[in-house]
Amino acid sequence: MQTQLLVGPIAEGCVVRVVGHGTMQESLAFRSAIQANINRGLIVFDASECSYLDSTFLGGLIGIQKAAEQSPRGRFVIVADESMRLQLFSTSSLDRYFDFVDECPEPTGELETLEVDALDSKTLGRHIAVCHQSLADRGGPDSGAFRSIAERLSEELDDPSGRT
C-alpha cells in the first residue's frame, strides 16, 4: 500500500492525515504542510489510519510540537486511540510527550492529497539529521543512539571530499 498524505481545513485550523506508513520519505512534506498552517490555530495530525512511524517522522513531530508551542495561535494534537498510541509512540516514550485526542474534528472542506517530492540525498540527509537531533535532545534511553545518527550524518554531509 502506498502512503497518502491528506490535508484539509477544520473549523479551528487544519488536519493532516497519514494513511499507511509515515517515513523519512513523507516526513519533510508532512512538516512543510503543517508549518504552512501553524498560525491558523489548531493543527491536527490524524494518525488513525497510520500503521507505522519511523524515527525520522517521530523526530519531525517533535519539531512540529515545538513550533506550535512558539506560535501565538498554534496548538498541535494527534488523533490516535490508546492502542494506536502504544503501537506508534510508546517505543520512543512519545506516548507521554504529545497531546492526544481520540477523534478527528470534522473537516470543513475536501482533504487534498499532498505530493511527496523525491529529495536529493543532501536534503534528505540534513532532514534526517535534524529529526534525530530532536529525538536526542528530548532525552530518554535511546537519546545516545539518536545523537550518534545525527552527528554521523552531519559529519558525512559536511565532508569536503564529497564522499556522501
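Buried means under 20% relative accessible area, exposed over 50%, and partly exposed in between (1.4 Å probe, protein chains only). The model is predicted: local features need pLDDT of at least 70 and side-chain atom pairs count only at pLDDT 80 or more, while totals for chains, interfaces and linings use all residues. Residues are numbered from 1 along each chain as its sequence is written, and side-chain values use heavy atoms, with hydrogens and water left out.

A salt bridge is a side-chain nitrogen of Lys or Arg within 4 Å of a carboxyl oxygen of Asp or Glu. The count comes to five salt bridges, including those tabulated here.

| Pair | Closest N to O distance |
|---|---|
| R126 and D158 | 3.4 Å |
| E156 and R152 | 2.5 Å |

Helices are DSSP runs (H or I, at least four residues), numbered from the N terminus. E156 and R152 both lie in helix α5, four residues apart, about one turn of the helix. E156 counts as partly exposed at 32% relative accessibility, and R152 as exposed at 51%. R126 lies in helix α4 and D158 in the segment after α5 (143–157), so this pair ties together parts that are 32 residues apart in sequence. D158 is exposed, with a relative accessible area of 53%, whereas R126 is partly exposed at 39%.

A nonpolar core is a set of buried Ala, Val, Leu, Ile, Met, Phe, Trp, Tyr and Cys residues joined through side-chain atoms within 4.5 Å. The largest has 31 residues, and F30, F45, L61, F76 and F89 have the most contacts inside it. Helix α2 (residues 55–70) gives the largest share of this core, six residues.

Conventions
Helix = DSSP H or I, 4+ residues; strand = E, 2+ residues; numbered from the N terminus.
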